[in-house]
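Work through the exercises below with the model open. Try each task before reading its solution.

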Amino acid sequence: MCGIVGYIGESQAAPILLEGLAKLEYRGYDSAGIAVYDGSQINMMKSVGRLKVLNELTHDGETLPGTLGIGHTRWATHGSPNDVNAHPHYNSDNTIAVVHNGIIENYMKLRKRLTAHGYTFISETDTEVVAHLLDYYYKGNPIETIIKVMHRVEGSYALGIIFKDHPDEVYAVRKDSPLIVGHTKDGNILASDVPAVLKYTRNVYFIENEEIVRLSKTDMKFYNVDEEELEKEATTIEWDVSAAEKGGYEHYMLKEMYEQPKAVRDTISPADPRIVNNKIEISELNMTDEEICSIHKLYIVACGSAYHAGVTGKYVIEGLARIPVEVDLASEFRYRDPIYEKNSMAIIISQSGETADSLAALRDAKAHGIKVLGIVNVVGSSIAREADSVMYTWAGPEIAVATTKAYSAQLIALYLLAMKFAYTRQQIDDNELQTLIKDLRKLPEQMELLLNNKEKIQHFANRYIASRDVFFIGRGIDYAISLEGSLKLKEISYIHSEAYAAGELKHGTISLIEEGTLVAAVLTQEQLYKKTISNMVEVKSRGAFVLAVTNTGNTEVEKAADYVIYIPQTNKYFANSLAIIPLQLFGYYVSLGKGCDIDKPRNLAKSVTVE
Ligand code: F6R
């Protein structure tokens with residue numbers, strides 16, 4: 001979603017802002033802008049479209065001289081993407097400029113009041129309300145003014161603010177939308193996300209909710225809403241800078257697909273290894289064996305692909321550990337007034353750790369006294385910090401909007417949990433555990449084999465570039481794989497696609513099958529082969545072209561499929577980790593063939609910080 005960068009120091013601000021915004025492009029945006037103070041006034045340049053346009057308009061920042069400024073990439077929520085709605089926004093006499101991530105929920109009410117006080121609005125945004133509200137309360141003290149505004153606005157925000165009257169300072173404040181600050185060699189930088197500052201520093205300060213920061217060239221000071229100064233400690237970001245670069249690949253998505261074996265290895269064996277003496281050790285869980293044995297129910301809550309990982313998690317945890325699992329979309333869970341059972345635990349899965357609905361679900365569970373485990377990729381993110389315990393997925397920075405390696409790492413975290421719970425609760429014995437561990441350790445190598453076979457998938461994908469609809473079908477875990485395969489295809493290629501539990505076809509969907517419609521059937525669960533093959537025959541006899549993704553050795557499937565992709569043999573609970581690879585590659589190559597913007601699909605954002 002939106003991105004914020006701010007800078008104050010000895011260097012020219014505009015090129016640093018533009019470069020920082022470029023590092024946040026992956027989050028998704030539709031317009032961008034920067035505001036720079038030039039010693040006498042705040043100048044601004046904004047433009048709809050890609051950052052390239054803003055770079056051209058400002059001659060790579062040269063036309064906006066000055067050593068302090070703020071910048072923004074906007075993903076439209078209030079008002080369409082256009083130059084006027086793009087951030088930054090000014091107050092009426094251009095003495096205050098503000099950039100904003102999040103949503104001001106009571107903006108209509110505030111807008112009415114400010115209009116009654118004589119303020120004129122030029123944009124449709126909720127953010128302009130903040131600019132005028134700052135103006136309304138401003139009596140010369142920025143911190144005091146920001147606090148007054150904080151008391152009036154409802155919703156979520158990360159704000160970057162500059163005041164013409166305070167030409168040596170940049171201000172920022174947050175509530176429910178991430179912000180970090182760090183020192184550069186000649187000043188200070190602020191951003192909504194780590195990649196924007198990595199070039200300058202690895203030591204960042206996370207701004208907590210309702211904290212304000214004042215940056216000057218040489219100093220940064222933090223305040224709470226009572227205007228008291230706060231002491232904060234820096235967190236060191238371990239990411240390798242190159243991990244957030246394309247490294248010779250045509251797209252981040254392709255690079256990240258190729259990083260999946262490493263993401264899986266690192267999630268199995270991070271610095272604090274999760275397999276020790278052939279037993280599963282998840283120290284982050286902070287749970288005794290008795291506590292694990294007393295769990296009655298698990299609630300897995302997430303959005304999008306993380307939810308799909310959760311659907312797989314349900315099958316794996318219920319199958320291995322025999323603990324009942326409810327899996328929910330966070331946007332549904334938070335409003336469905338869930339009945340929390342005693343001795344239950346919630347697992348919130350999120351790559352970014354900032355997804356608004358997932359965070360709200362976490363807070364709801366905690367408010368009901370439920371222990372929350374976060375399965376999170378971004379270290380120090382809101383979900384990681386608010387969960388009672390956090391199990392990190394060590395996938396490294398994921399830049400492509402469509403997740404691949406973080407999803408694969410989420411699956412591994414869920415397998416490890418399932419194995420830990422199953423063994424502790426004596427649902428599997430040591431022999432079974434050792435077999436599972438052996439199969440788990442084999443996954444990265446097996447994934448590499450599938451990735452190296454990409455030409456075959458590319459060749460096949462090229463035939464389906466002009467498809468109108470594609471269906472994915474499967475049963476049990478294969479249904480969960482289908483959900484993710486379908487999402488990967490549609491979100492980056494814009495081809496309509498649906499995933500169905502194969503047994504549901506006859507209840508309506510089959511009427512959509514026409515001559516030549518592509519149906520991708522996933523068959524990794526041996527006990528369900530025959531059932532799914534029957535469904536394949538049903539669609540094939542109605543004209544569908546059937547692609548099957550199945551285990552090596554299941555040649556039976558060839559009778560009902562037009563094209564088969566075999567995956568290496570693994571434990572039935574781990575099949576998702578392998579079957580998803582050809583489906584990710586399929587989505588990627590269809591999108592490539594269509595010439596879509598693979599890493600930044602239209603309308604999508606990497607981190608969905610509004611509900
Ligand atoms: C799809 C995708 C999204 C995310 C979803 C949740 O490829 O990436 O569906 O999975 O927006 O995001 P996180 O995991 O950051 O909570």
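## Exercise 1: a covered strand

β10 is mostly covered, with five of its five residues buried. The model is a predicted one.

Task: find which residues of β10 lie on one side and which on the other, and state whether the faces are covered.

Solution. 
- Step 1. Take one side: G187, I189 and A191.
- Step 2. Apply the cut-off: buried means under 20% relative accessible area.

## Exercise 2: the partners of β10

Task: determine how β10 is joined to β1 and to β9.

Solution. 
- Step 1. β1 and β10 run antiparallel, joined by five bridges. V5 has A191 of β10 as its bridge partner.
- Step 2. Strand β9 (residues 180–184) also runs antiparallel to β10, again with five bridges. Here H183 stands opposite N188.
- Step 3. β9 and β10 form a hairpin, with two residues between them.

## Exercise 3: the whole sheet

Task: give the strand order of the eight-stranded open sheet, then say which strands stand at its edges.

Solution. 
- Step 1. Read off the order: β3-β2-β4-β1-β10-β9-β11-β15, with antiparallel pairing.
- Step 2. β3 (42–48) and β15 (235–236) are at the edges. Each has a single partner strand, so one side of each has no neighbour in the sheet.
- Step 3. Check one pair inside this order. Strand β2 (residues 31–37) and strand β4 (residues 68–74) pair in the antiparallel sense over seven bridges. Y37 stands opposite L68 in β4.
- Step 4. α1 (residues 13–24) lies across β1 (3–9), β2, β4 and β10 (187–191). α1 runs at about 155 degrees to β1.

## Exercise 4: a covered helix

Task: compare the span of α13 with the expected one, and state how many of its residues are buried.

Solution. 
- Step 1. α13 (residues 405–424) has 20 residues.
- Step 2. From first C-alpha to last, α13 reaches 29 Å, close to the 28 Å expected at 1.5 Å a residue.
- Step 3. Of its 20 residues, 19 are buried, and α13 is mostly covered.
- Step 4. Just after α13, Q426 takes a positive phi of about 55 degrees.

## Exercise 5: backbone exceptions

Most residues other than glycine have a negative phi, and most peptide bonds are trans.

Solution. 
- Step 1. At 27% relative accessibility, Y494 counts as partly exposed.

## Exercise 6: around the ligand

Task: which residues come nearest to the ligand, and what are the polar distances for S352, T355 and K488?

Solution. 
- Step 1. There are 14 residues around the ligand, and S350, Q351, S352, T355 and E491 come nearest.
- Step 2. A polar side-chain atom of S352 lies 2.6 Å from a ligand oxygen atom.
- Step 3. For T355, the distance from a polar side-chain atom to a ligand oxygen atom is 2.4 Å.
- Step 4. For K488, that distance is 3.0 Å.

Notes: Residues are numbered from 1 along each chain as its sequence is written. This is a predicted model: local features need pLDDT of at least 70, side-chain atom pairs count only at pLDDT 80 or more; totals for chains, interfaces and linings use all residues. Side-chain values use heavy atoms; hydrogens and water are left out. Helices (H or I, at least four residues) and strands (E, at least two) are DSSP runs, numbered from the N terminus. The expected span of a helix is 1.5 Å times one less than its number of residues. Buried means under 20% relative accessible area, exposed over 50%, partly exposed in between (1.4 Å probe, protein chains only). Two strands pair if DSSP finds at least two bridges between them. Contact means heavy atoms within 4.5 Å. Axes are lines fitted to C-alpha atoms, for helices over the stretch in contact, and angles run from 0 to 180 degrees between N-to-C directions. A residue is near a molecule or strand if one of its heavy atoms lies within 4 Å of it. A polar contact is a pair of N or O atoms within 3.5 Å; within protein, one must be able to donate a hydrogen and the other to accept it, and residues adjacent in sequence count only if both atoms are side-chain atoms.
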